[in-house]
Amino acid sequence: MEKFGTHILCLFLLFLFLLFILTKQPSSSAFSKSMVDHVQKSMTNYDSETMLEKEEDEWQMVGKKGNQFVVNNQPFYINGFNAFWLMVFAADDSTKEKVTEVFKQASSLGMTVCRTWAFNNGQWRALQKSPSVFDEDIFKALDFVVSEAKKNKIRLILSLANNWDDYGGKAQYVKWGKDHAGLNLTSDDDFFSHPTLRNYYKAYVKTVLTRVNTFTNITYKEDPTIFAWELMNEPSCYSDPTGDKLQDWIQEMAFHVKKIDPKHLVEIGLEGFYGPSTPQRTQFNPTNTSKQAGTDFIRNHQVLGVDFASAHIYTDTWISPQIADTHIPFIISWMEAHIEDAEKYLGMPVVFTEFGLSSKDSGYNSTYRDTVISTVYSSILNSTKKGGSGAGSLLWQMIPEDTDALDDGYAIVFSKSPSTSRIVSLQSYRLGLFNS
C-alpha cells in the first residue's frame, strides 16, 4: 500500500508540473505551433543542406576508368549536342537568353554534354584579338556560358582552336605570324610546325585554362562543369600525308594542356580517318583521299595525355549529298570499326562528337534524319550493353527558336521537331539506366 501511495503522489506532482508549464505559455495551441514551426524550419534547413551536399557530390570531375567515363565511380555515358555559337550569343544582351534557353531545352531531353567553341580569333566579337590580347567582355560571355551550363546540369567539351577559317582558325594564326612576327609562311599547315605559331597557341591555351570565371569564381581548370578540353576542331594536315607533322603537334599540345590542368580529360577533335600506320583499316574510310588528311585515328590517340577518342559522321558530305541506301550501312561499319579499335588498341572511350544530316541534301526528309539519328544511337547502345568503348554521341547541331541564321542545314529546333525529341529523350533515358 505504501508503494502504491508513492506512485499516486508522483503522478500528482507530474500533473502539477505540466499544468504549470502550460499556463506559462500564451496558449497551448501557440506553444504547439511554435514547436511545429521550429521542427519544420529545422527539417527544411536539413533538407536544403542535404540536397546541396548531394548536388556537390554528383557534380564532380568526370574521369576515365578503362574504356568508360566515370563520375563518382559510376559509369557516365553521353547523350549530347553541339552548339558552337554560345559564346558569341552570350556577348550580346539581345541574344544572351538563347544560351539559357538551349541549355534548358537540352536538359529537359536528358542531354548531359554540350560541345562548343572556346575560341574566336581575330574576327567579329573575337575573344583573342591578336596574339595574347583578349577582349574581356567576350571572356565574360564565355564565363556566362560555363555558368549557365552548370545551372542546367550540362557539362561542356570546350574546343580550343579551329582547323577551318570560321572563327579565325589556323589561318588566322598564320596571318598573325606574318603580320606580327614577319615570318615567311607559305601554308596554313605551318600552324602545326612553326615554333612561333605553336607558342601563340600554347599561350592562348594557358590563358583559357587558368581563367577565373567572373560568375562562379571558379578557375576553369578546377571546374567540373568542363567535361574535357579539345585541342582543335577537325585538325588535318594535307601538306604532310605521312601524319608526322600533326602527330608531333598533338604530342606537344596534349602534354602542354595536361601540365597546366592534369584534372580534366583531353581529346584531339579528330574526324576519325585512318592513316598510314594502319593500312588495313583504311578500307573503312569514306573516300580514298581520307588517308591523305595527315591524320591517323589509332596512332594519334595513342599519344600520352589523350584520354579519349573522337570521330565524326557525315555521310552526306563524305559518301553522297543524295540520300541513298548506302548511308546507313556506312554509319554502322564506321562506328563499329572505331569502337572496336578503341577497345582493342587504345583502351579508351570513343565519342562520336559530331553527326547529323543536312536538310539541304537532295531527297532529304525529317523521317530519314530520324533514321540516321536512331542508327547512331543504336550503335552506341549495342556497345554500352557489352561494356564496350562506345561512350556516347553529340548531335550537330542544336539551335533555339528564332535563330535561323545559325542553320547550316544540320540544325535541329527541338520545339519544332517532336519525333526527333522523342528519339533523343528515349536515348537519354536508356543511357541513364546504365549510368545508375
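This is a predicted model: local features need pLDDT of at least 70, side-chain atom pairs count only at pLDDT 80 or more; totals for chains, interfaces and linings use all residues.
**Overall make-up**

The protein chain has 436 residues, and 53% of them are buried. Its secondary structure comprises 13 helices and 13 strands. Take the contacts in the chain with a separation of 6 or more: 74% of them link residues 24 or more positions apart.

**Helix α7 and its two partners**

Helix α7 spans residues 195-209, and helix α8 spans residues 244-260. Their axes lie 10 Å apart and pack at an angle of about 30 degrees. An angle under 35 degrees counts as roughly parallel, so α7 is roughly parallel to α8. The crossing of this pair, α7 and α8, is right-handed.

Which residues of α7 meet α8? They are Arg198, Tyr201, Lys202, Val205, Lys206 and Leu209. On the α8 side, the contact uses Lys245, Asp248, Trp249, Glu252, Met253, His256, Val257 and Ile260. By class, the contact of α7 with α8 has 7 nonpolar, 1 polar and 6 charged residues.

Helix α6, residues 169-181, also packs on α7. The axes of α6 and α7 come within 10 Å and cross at roughly 110 degrees. That value falls in the range of 65 to 115 degrees, so α6 is roughly perpendicular to α7. The crossing of α6 and α7 is right-handed.

From α6, the contact draws on Tyr173, Val174, Trp176, Gly177, His180 and Ala181. From α7, it draws on Thr196, Leu197, Tyr200, Tyr201 and Tyr204. The contact of α6 with α7 has 8 nonpolar, 3 polar and no charged residues. Tyr201 of α7 takes part in the contact with α6 and in the contact with α8.

**Selected residues**

Is Val102 buried or exposed? Val102 has 0% relative accessibility, so it counts as buried. Val102 sits in helix α4, residues 96-108. Leaving aside neighbours within four places in sequence, Val102 contacts Trp85, Leu86, Met398, Ile399 and Pro400. Ala83 is 19 residues from Val102 along the chain, and their C-alpha atoms are 8.7 Å apart.

Ser130 belongs to strand β6, residues 128-130. Not counting residues up to four places away in sequence, Ser130 touches Trp176 and His180. Both Trp176 and His180 are α6 residues in the contact with α7.

| Residue | Relative accessibility | Class |
|---|---|---|
| Val102 | 0% | buried |
| Cys114 | 0% | buried |
| Ser130 | 15% | buried |
| Ser132 | 44% | partly exposed |
| Asn217 | 65% | exposed |
| Cys237 | 0% | buried |

**Cysteines**

A disulfide is a covalent bond between the sulfur atoms of two cysteines. How many disulfides does a search of the whole structure find? The search finds 0. Cys114 is buried, at 0% relative accessibility. Cys237 is buried, at 0% relative accessibility.

**Backbone features**

A cis peptide bond joins Trp396 and Gln397, with omega about -10 degrees. Gln397 lies in the loop between β13 (390-395) and α13 (418-435).

Ser132 is a residue other than glycine with a positive phi, near 65 degrees. Ser132 is placed in the loop between β6 and β7 (133-134). At 44% relative accessibility, Ser132 is partly exposed.

Asn217, a residue other than glycine, has a positive phi near 65 degrees. The loop holding Asn217 runs between α7 and β9 (226-230). Asn217 is exposed, at 65% relative accessibility.

Methods:
Residues are numbered from 1 along each chain as its sequence is written. Side-chain values use heavy atoms; hydrogens and water are left out. Axes are lines fitted to C-alpha atoms, for helices over the stretch in contact, and angles run from 0 to 180 degrees between N-to-C directions. Helices (H or I, at least four residues) and strands (E, at least two) are DSSP runs, numbered from the N terminus. Angles under 35 degrees count as roughly parallel, over 145 as roughly antiparallel, 65 to 115 as roughly perpendicular and the rest as oblique. A crossing is left-handed if the near helix is turned anticlockwise from the far one by less than a right angle, and right-handed if clockwise. Contact means heavy atoms within 4.5 Å. Ala, Val, Leu, Ile, Met, Phe, Trp, Tyr, Cys and Pro count as nonpolar, Asp, Glu, Lys and Arg as charged, and the others, Gly among them, as polar. Buried means under 20% relative accessible area, exposed over 50%, partly exposed in between (1.4 Å probe, protein chains only). A disulfide is a pair of cysteine sulfur atoms within 2.5 Å.
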